[in-house]
Amino acid sequence: MTAERNGLIDYGRFAAALGLVWFFTQAPGNRIAYLSVPFLLVILTLPTTGTIAAKARRLLLPFLIWSLVFAVVQIAFTLKTHAPPFGWWEDYMLLTGTWYHLWILPFAFLASVLAPWFQHPLASLGTALLVALLMAVEGTPEAVPFGMWSFGIIPIVVGIAFFAWGWRLAVVTLILSATILFLGRPAPDNTTILVGTALALLFMSIHLPATPTSDWCGRMSTWIIVSHPLAIIIGQSLRITYIELALFSVVVSVILAQILEAATQGSRRDQLKLS
């Protein structure tokens, strides 16, 4: 932790990660929980130092590891139903991963690499308006993963504008691009992009000192984001449904995240002892 770290962002990431779990259970209120996606996408624009290789280790390595984990889950499902072991595979999974939620990691890597090119006010504002205009005129691309990426571009660019030039440019970028979407392409996703991104800007504009609790929330949020489908699968295997499945999955996701965090910390300590 550092003095500059904003504890409120870590609390927000934790809440958004739990919202992501709730959304994927399709329980009542899932559209509200869907606000977590643009919220997390904006947070992904937090400035980080390091080379492209370091960013790849931070984002692409977990993408590969968890793609392998969920590939095993997919194969287990197909063997259970006596289907071809790799009948679930699609070529687009090279960019999205083997489970629906992993697309955010390579997308975040691409955004982090390209972010310096969009830090000029005209670049960030112009990109957001162009994307909104294309979505209004042409609609959302049907091809995977470009439909998901088009959803994420505006929150990402608004985040870049915020960190490069402050909240005023970010708010102008968000309002103008959202106006184009609302006028040219009426859709529930418009509200999701507007409200989720605005909430992220609010959380980033208010600073709270970092604490051990906020630090824990930040670490848990990452594990919850990548591993939460396992909690949902466990709940479904127990034939839990509806709101009960959402509540069960939220609790189990946190427990699973804590187990993964403890295991990771243990392996790091062992490496330090051997070095």
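**View 1. The protein has 12 helices and zero strands.** Helices here are DSSP runs of H or I with at least four residues, strands are runs of E with at least two, and both are numbered from the N terminus. Read from the N terminus on, the order is simply α-α-α-α-α-α-α-α-α-α-α-α. Keep in mind that this is a predicted model: local features need pLDDT of at least 70, side-chain atom pairs count only at pLDDT 80 or more, and totals for chains, interfaces and linings use all residues. Residues are numbered from 1 along each chain as its sequence is written, and side-chain values use heavy atoms, with hydrogens and water left out.

View 2. Buried means under 20% relative accessible area, exposed means over 50%, and partly exposed is in between (1.4 Å probe, protein chains only). Among contacts (heavy atoms within 4.5 Å) with a separation of 6 or more, 78% are between residues 24 or more positions apart. The C-alpha atoms fill a box of roughly 50 × 45 × 35 Å along the principal axes.

**View 3. Zoom in on Asn30, which sits in helix α2 (residues 30-33).** Asn30 counts as buried because its relative accessible area is 17%. Leaving aside residues up to four places away in sequence, Asn30 touches Trp22 and Phe23.
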